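Biologist: I would like to learn how to read a structure feature by feature. Please take me through this one.

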Amino acid sequence: MTIIVSKGSLDAAYPPFILATMGAAMGVHVTMFFTFYGLSLLTKKIDADVAALGNPALKLPVLGGHVGPLNLLSALPGFEGELSDHMRRMFAKTRVADIEELRALTIEAGAKVIACQMTMDLFGYSPEDLIAGVTLGGAATYMEEALKSKVNLFV
């Protein structure tokens, strides 16, 4: 299975890591290719938030219902941080692992984790900025894996 990870927001970070750890646990050879904003999920310190603006599907459980933030509130300073903290509390309350834990489990499970070299050059990252267990590669490296794979996901 290959997974292209192109988004680095907190809510977008969970699906690729959950799918990768599950696939690896089932004995599937998993390769993850981190490109553009997804590359930030491989840095030593993840600084991911939830963006409410432009995300009409965002509905959070509040007082027994599900409420989406008003776009006007999303533009207020500090709102995105508070929304992100609220989501982190929801994850903790339901005992969902945080991104750093899921990322470590993914590498422990043997998934191949590739950082896009072009994106690293574009955004000014160096290999020292990334966690251990990451290899560098480009589109050709991803394609070699994808062509052998039965499942290819763009998350």
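Biologist: Which residues of α1 meet which residues in α3?

Modeller: First, some ground rules. This is a predicted model, in which local features need pLDDT of at least 70, side-chain atom pairs count only at pLDDT 80 or more, and totals for chains, interfaces and linings use all residues. Residues are numbered from 1 along each chain as its sequence is written, and side-chain values use heavy atoms, with hydrogens and water left out. Contact means heavy atoms within 4.5 Å. Helices (H or I, at least four residues) and strands (E, at least two) are DSSP runs, numbered from the N terminus. Here, Leu-10, Asp-11 and Tyr-14 of α1 meet Ser-84, Met-87, Arg-88 and Phe-91 of α3. By class, that contact has four nonpolar, one polar and two charged residues. Nonpolar covers Ala, Val, Leu, Ile, Met, Phe, Trp, Tyr, Cys and Pro; charged covers Asp, Glu, Lys and Arg; the others, Gly among them, are polar.

Biologist: At what angle do the axes of α1 and α3 cross?

Modeller: Axes are lines fitted to C-alpha atoms, for helices over the stretch in contact, and angles run from 0 to 180 degrees between N-to-C directions. The axes of α1 and α3 cross at roughly 35° and come within 10 Å.

Biologist: How far apart are the axes of α1 and α4, and at what angle do these helices pack?

Modeller: Their axes are 9 Å apart, and the angle is about 25°. Angles under 35 degrees count as roughly parallel, over 145 as roughly antiparallel, 65 to 115 as roughly perpendicular and the rest as oblique. So α1 and α4 are roughly parallel to each other. On the α1 side the contact is made by Leu-10, Ala-13, Tyr-14, Phe-17, Ile-18, Ala-20 and Thr-21, and on the α4 side by Ile-99, Leu-102, Arg-103, Leu-105 and Thr-106. The classes are nine nonpolar, two polar and one charged.

Biologist: Is Leu-102 buried or exposed?

Modeller: Buried means under 20% relative accessible area, exposed over 50%, and partly exposed in between (1.4 Å probe, protein chains only). Leu-102 counts as buried because its relative accessibility is 8%. Not counting residues up to four places away in sequence, Leu-102 touches Tyr-14, Phe-17, Ile-18, Thr-21 and Ala-97.

Biologist: Which residues of α6 are buried?

Modeller: In α6 (residues 139-148) they are Tyr-142, Glu-145 and Ala-146. These lie on the same side of α6, because they cover an arc of only 100° around the axis. The arc is that of the directions from the helix axis to the C-beta atoms. The face turned away from the buried side carries the exposed residues Ala-140, Glu-144, Leu-147 and Lys-148. What covers the buried residues of α6 includes β1, β2, β5 and β7.

Biologist: What is the phi of Phe-36?

Modeller: Start with the general rule. Most residues other than glycine have a negative phi. Phe-36 has a positive phi, near 45°. Phe-36 sits in the loop between β2 (31-34) and β3 (60-62), and is partly exposed because its relative accessibility is 35%. Arg-95 also has a positive phi, near 60°. Arg-95 lies in the loop between α3 (79-93) and α4 (99-108) and is exposed, with a relative accessible area of 78%.
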